[in-house]
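Reader: I've got this one open on my screen and I'd like a close look at a single part, the sheet. Could you walk me through how it is put together and what sits around it?

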Amino acid sequence: MHNWKQTLERFLDLCFPPHCVSCERSGQILCSSCYASIQLLSPPFCKRCHTPLAPDKTCQKCAYHPLQFSGLRIVGAYQEPLRSSIHALKYSGNTRLAQPLGTLLAKTYKRTRLAADMIIPVPLHTERQHQRGYNQAQLLAEVCSAELGIPLHVSLLTRVRATAAQAGLSMSERQQNVAGAFLLNPKFEARALSKSNILLVDDVCTTGATLEACATPLFAAGANTVWGLVLARPL
């Protein structure tokens, strides 16, 4: 099925050449020039939330609003061309972008020396996934899992209620919006998570409220660490 899909995509590319989602150059869905221009976060940065820091400065984000999970790692700032790539993957159905963007996640995992026993994508509610046709976090996590050789669990965590969009909400409103929205799948034996190191994958993190809501049932089930790995964060 996968090989058939790749063959069909190559045929369609010959008939209807794709255009770069960032610069609109013909030939690739994300051209090599735009891909290379995505700036990865470099030190110094906060060891907990990955926010860039001036030398010898402490992280004000963590001083006032520390993350309620083990930590966060980010590919880059939410700016072009990463922003348009994420938007095209999430809202325009350009699912092929999951491959290059998922590779960036895998590179960030290695570069920042994370260590995980399993990967879990942040789940969508069934209604939202039915509307969109896919979960972009799962597509990214599939690429990450394949490139890192870490087991992927797509049904371990479930979103038990639909939530309003987080955009435009304050930090406290975001936390209230997603509180209790995620639970362990009742078919999964919670003790299997005991002392495990879990990597949550998503596209964008703003305040960390969604990742915190995902981490809560995982810690309750005995997880040792829960780290977040995302493509971008507004900085």
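Author: Here is a walk through the sheet, then its helices, then the cavity beside it.

Keep in mind that this is a predicted model. The sheet is an open one made of four strands, in the order 1-6-5-2, and the pairing is parallel. Strand 1 (71–77) and strand 2 (118–121) stand at the edges with a single partner strand each, so one side of each has no neighbour in the sheet. On average, neighbouring strands are turned by 20 degrees against each other, direction ignored.

Strand 2 runs parallel to strand 5 (residues 197–204), and four bridges join the two.

Now for the helices. Helix 7 (residues 136–148) packs on the sheet and touches strand 2, strand 5 and strand 6, with its direction at about 130 degrees to that of strand 5. Helix 4 (residues 82–91) lies across strand 1, strand 5 and strand 6 (225–233), running at about 105 degrees to strand 6.

Then there's the cavity. Strand 5 gives the largest share of its lining, three residues, while strand 5 and strand 6 each supply at least two. By class, the lining has seven nonpolar residues, two polar ones and no charged ones.

How values were computed. Residues numbered from 1 in each chain as written. Predicted model: local features only at pLDDT ≥ 70, side-chain atom pairs only at ≥ 80, totals over all residues. Heavy atoms only, no water. Pairing = 2+ DSSP bridges. Axes fitted to C-alpha atoms, helices over the stretch in contact; angles between N-to-C directions. Contact = heavy atoms within 4.5 Å. Nonpolar A, V, L, I, M, F, W, Y, C, P; charged D, E, K, R; others polar.
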